[in-house]
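Work through the exercises below with the structure open beside you. Try each task before you read its solution.

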2 protein chains.
Amino acid sequence: MDQREGVDRGGTLIEGVAATIRQRIAARTLTAGAKLPSVRAFARSAGVSTSTVVEAYERLAAEGAIRSRPGSGFYVESALAPLSLADMGPKLDHEVDPLWISRQSLNAGADLLKPGCGWLPASWMPEAGLRRALRMMARADDDALTDYGTPLGLAPLRQLLSRRMAEHGVAAPPDQIMLTESGTQAIDLLCRFLIEPGDTVLVDDPCYFNFHALLRAHRAKVVSAPYTPSGPDIEAFGQALAEHRPRLYITNSAIHNPTGATLSPVAAHRVLKLADQFELTIVEDDIFADFGDPATSRLSAFDGLNRVVQIGSFSKTLSASVRCGYIAAPAAWIDALTDLKIATSFGSGRLASELLLAVLKDGGYRRHMETLRARLSKAMAETSKRLNALGVTPWIEPQAGMFLWCRLPHGIDAAEVARRALSHDVVLAPGNAFSLSGAASNFMRFNVAQCENPKVFEALSRSM
Amino acid sequence: MDQREGVDRGGTLIEGVAATIRQRIAARTLTAGAKLPSVRAFARSAGVSTSTVVEAYERLAAEGAIRSRPGSGFYVESALAPLSLADMGPKLDHEVDPLWISRQSLNAGADLLKPGCGWLPASWMPEAGLRRALRMMARADDDALTDYGTPLGLAPLRQLLSRRMAEHGVAAPPDQIMLTESGTQAIDLLCRFLIEPGDTVLVDDPCYFNFHALLRAHRAKVVSAPYTPSGPDIEAFGQALAEHRPRLYITNSAIHNPTGATLSPVAAHRVLKLADQFELTIVEDDIFADFGDPATSRLSAFDGLNRVVQIGSFSKTLSASVRCGYIAAPAAWIDALTDLKIATSFGSGRLASELLLAVLKDGGYRRHMETLRARLSKAMAETSKRLNALGVTPWIEPQAGMFLWCRLPHGIDAAEVARRALSHDVVLAPGNAFSLSGAASNFMRFNVAQCENPKVFEALSRSM
């Protein structure tokens, strides 16, 4: 009896040790070719017997994960152990895994309803302007159709962006603006530029879920501070800076994803004061710029592109099919960022920037945005009413944008609801996909523009 | 007198120590927040006096690069020391710096002649087909104009790529093909997936110069093996594998950049045998696929997407303005590669892939490529004749493509010639930009499609 238990416990311990090492190889803290700790050293540090470690090493050797070199020790197999984001993060349920939700939304056919996705339905986009721009491009110069873009990207589009940012209070001359392939690529380039594997990055809790995936790809250590209806919880924010000394803070200002909150001037000021004190760099993702009031507080407006970098794109208001984003950064960074862009993507798409420029210059775009804002505001009110009727209550009433961050009725788990809704062909976005701390299991993000079909609420009701 | 000399030598030593540390901070081997070695330890290891090190540390502290914490030592300032590719590599003359050449070519206005650039003039590209595709897209569904692409990218384009690869002997089912924003992004994603900072990567000597810049961004250790007219020098290749155990080899098959050489079947077979022996993964960049004979040897054809990954794009034959590339990889890698793509660029451009699909399906594309191949072949013969007349002799007579790799008359330095030619508004590509070992100072790459203007040869003649 005792012996059986001993074997069982031994078996569990051996597997535990083996699993630990497998995980380190997957996360690449143990890289191919690296020597494993000696059996004795590992046993001592793990508090297990040497025979347990010997068994675990032999099990891993049998799997081909490690290899013994007689007289020298155990080594991680040099066969490739490629970087797998899925293996690197904490083990998450599919329903709250940022990568799974992105894929699910991107893969969704026309038959799937997706109130959980982060963009507008195609029919809400300025397709008439895009069609005009395409016809115009069909008559453009050969160069525009076939040549690479310039290193910084199309100058007239950078000039237009500079004027647009000025309307938001951000002083960014065109030569401090670099075009990228997308908003995501803009943040990715900045992470490459600013952080090292192992560096700490601060995000909001909740925040846009792809920040988690992106930072995992950069092997950053991620910490979070709670977000309030007027910006980060300043006390927790300051504490996170003091305790973790993050190099970088990535956030949405203007309209926050997923909460729809708006940064208040006083919160912006305090964030910047703390950033100065702790030498923090901030990436401000202003991707929802065109949805809100231009006068809304932006960190980059207060700071003047000193320690705040602004990024953005047109995926949400113009087209996600025509890829183009931008970075507005301190002048001293532009050359090195351009080098990085050329080395890793050899410039940004000229055709995409020519098309966007044509649409943005077209008088129709401002009219389209006015109509869109009115339509979103109406959809916000209607969705809010319908959700309230189901006991699903918005956390705040957002001033603008497409997101409603909602609390489900007490005791209902959002991931569970999302799982059930998927069987009714509805893709939802449960709160913990956005929350590093996992504190949002009772929350869900709704995209009001994707909630016009009453089936969304039927499925939600049946899934709760 | 003695004292003056002492001060001078001391001054030089202090600056030497300070420069070493500045360089380590720039290269990020000393990262922000890291503790510097103690004064005594540094003095011992550098073989200088402790007072020299104290002076150097104080100089760096005055510059704000490091900071003293009383009782604890010196630390690298936590202010950002961002990644600068320019500071990371060896100090190169502008003329042979890959990043500088790329920028110069990308920035070149219509008044600059650029026989050194790696692409065709706009007038050689299939602009009529592109214009038809743009007009067609102006009538496409809303979704195609405004929605994100699917995670793997447009299915009909992946099917077409799969059929095209089959013509080249490469068996790649559509679900093993993932679209990317560009060929460069394809290699970048693979590097993210397959290598760690500090890993060793093997390239050809000479090779496409942006491989050097890209690998610098990944902080890889780069080694090279000489390229011969039929592929890598097998003996040197095997030796590099045995000595450096690279994880990855990046190469062009079919038509090699910059030499225009073609891989022979026997060389392909030997490379793959060695790759098996040393567990090497190979990225084969087949970007010039459409220029050559479809039957030309490809590593991925022999290997069957086992340890060889193929990448490509349409920048060279169709349009560099419409960005789209692809990766054909082992089935087991596709999910993790897709995750990485979503995390770092949130999908590839749908419009770009729809446009390329339309052009490729258009009967005009094959006719265009036939005309283009004939035109390149004629330009190759003419450029070769003109260069020979100046004593500039092609290394080989390439079977196809746009590149002529040429030896300059004895004793003439290609970088020097490039510097002088630029003052005549001609951008050249001197050999050492392509050569890790710096063995190609007497070589230059010419793009025959960019050599139609006689001014190219006048400027070359005046610059030698």
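**Exercise 1. A strand in chain B**

Task: Take strand S14 (residues 443–447) of chain B and find how many of its residues are buried. Then sort them by face.

Solution: 
- The model is predicted. Keep that in mind throughout.
- Start with the count. Five of the five residues of S14(B) are buried, and the strand is mostly covered.
- Recall the pattern. In a regular strand the side chains alternate between the two faces of the sheet.
- Now sort. B:Phe443, B:Arg445 and B:Asn447 lie on one side of S14(B). B:Met444 and B:Phe446 lie on the other.
- Conclude. Both faces of S14(B) are covered.

**Exercise 2. The neighbours of that strand**

Task: Which strands of chain B are joined to S14(B), and in what sense do they run?

Solution: 
- Take strand S12 (residues 403–407) of chain B. Five bridges join S12(B) to S14(B), and the two run antiparallel.
- Pick out one pair. B:Trp405 has B:Arg445 as its bridge partner.
- Take strand S13 (residues 429–430) of chain B. Two bridges join S13(B) to S14(B), again antiparallel.
- Pick out one pair here too. B:Ala429 stands opposite B:Arg445.
- B:Arg445 is the partner of B:Trp405 and stands opposite B:Ala429.

**Exercise 3. The sheet in chain A**

Task: Give the strand order of the open sheet of four strands in chain A. Then name its edge strands.

Solution: 
- Write the order: S11-S12-S14-S13, with antiparallel pairing.
- Find the edges. Strand S11 (393–394) and strand S13 (429–430) of chain A each pair on one side only.
- S13(A) pairs with strand S14 (residues 443–447) of chain A over two bridges, in the antiparallel sense.
- Name a facing pair. A:Ala429 stands opposite A:Arg445 in S14(A).

**Exercise 4. A threonine in a loop**

Task: Is B:Thr259 buried or exposed? What does its side chain reach?

Solution: 
- B:Thr259 is in the loop between strand S7 (248–252) and helix H12 (265–277) of chain B.
- Apply the cut-off. Buried means under 20% relative accessible area. B:Thr259 has 0%, so it is buried.
- Look for polar partners. The side chains of B:Thr259 and B:His256 are joined by a polar contact of 2.7 Å. The side chain of B:Thr259 also reaches the backbone nitrogen of B:Ala261 at 3.1 Å.
- Look further along the chain. Beyond four places in sequence, the contacts of B:Thr259 include B:Pro206, B:Tyr227 and B:Trp395. B:Trp405 is also one of them.
- A cis peptide bond joins B:Asn257 and B:Pro258, with omega about 10°.

**Exercise 5. Where the chains meet**

Task: Describe the interface of chain A and chain B by residues, area and polar links.

Solution: 
- Count residues. 90 residues of chain A are in contact with 89 residues of chain B.
- Give the area. About 7500 Å² is buried between the chains, and carbon and sulfur atoms give 56% of it.
- A:Leu106, A:Tyr148 and A:Phe346 supply 10% of the area that chain A buries against chain B, more than any other three residues.
- Count salt bridges. The rule finds ten across the interface. One of these links runs between the side chains of B:Asp142 and A:Arg131, at 2.8 Å, N to O.
- Count polar contacts. There are 35 residue pairs in polar contact between the two chains.
- Name the main element. H14(A) gives nine residues, the largest share of the side of chain A that touches chain B.
- Sort by class. That side has 40 nonpolar, 24 polar and 26 charged residues.

Key. Residues are numbered from 1 along each chain as its sequence is written. Chains are lettered from A and ligands numbered from 1 in the order in which they are written. This is a predicted model: local features need pLDDT of at least 70, side-chain atom pairs count only at pLDDT 80 or more; totals for chains, interfaces and linings use all residues. Side-chain values use heavy atoms; hydrogens and water are left out. Contact means heavy atoms within 4.5 Å. Buried area is the accessible area (1.4 Å probe) that two parts lose on being put together, summed over both. A salt bridge is a side-chain nitrogen of Lys or Arg within 4 Å of a carboxyl oxygen of Asp or Glu. A polar contact is a pair of N or O atoms within 3.5 Å; within protein, one must be able to donate a hydrogen and the other to accept it, and residues adjacent in sequence count only if both atoms are side-chain atoms. Ala, Val, Leu, Ile, Met, Phe, Trp, Tyr, Cys and Pro count as nonpolar, Asp, Glu, Lys and Arg as charged, and the others, Gly among them, as polar. Buried means under 20% relative accessible area, exposed over 50%, partly exposed in between (1.4 Å probe, protein chains only). Two strands pair if DSSP finds at least two bridges between them.
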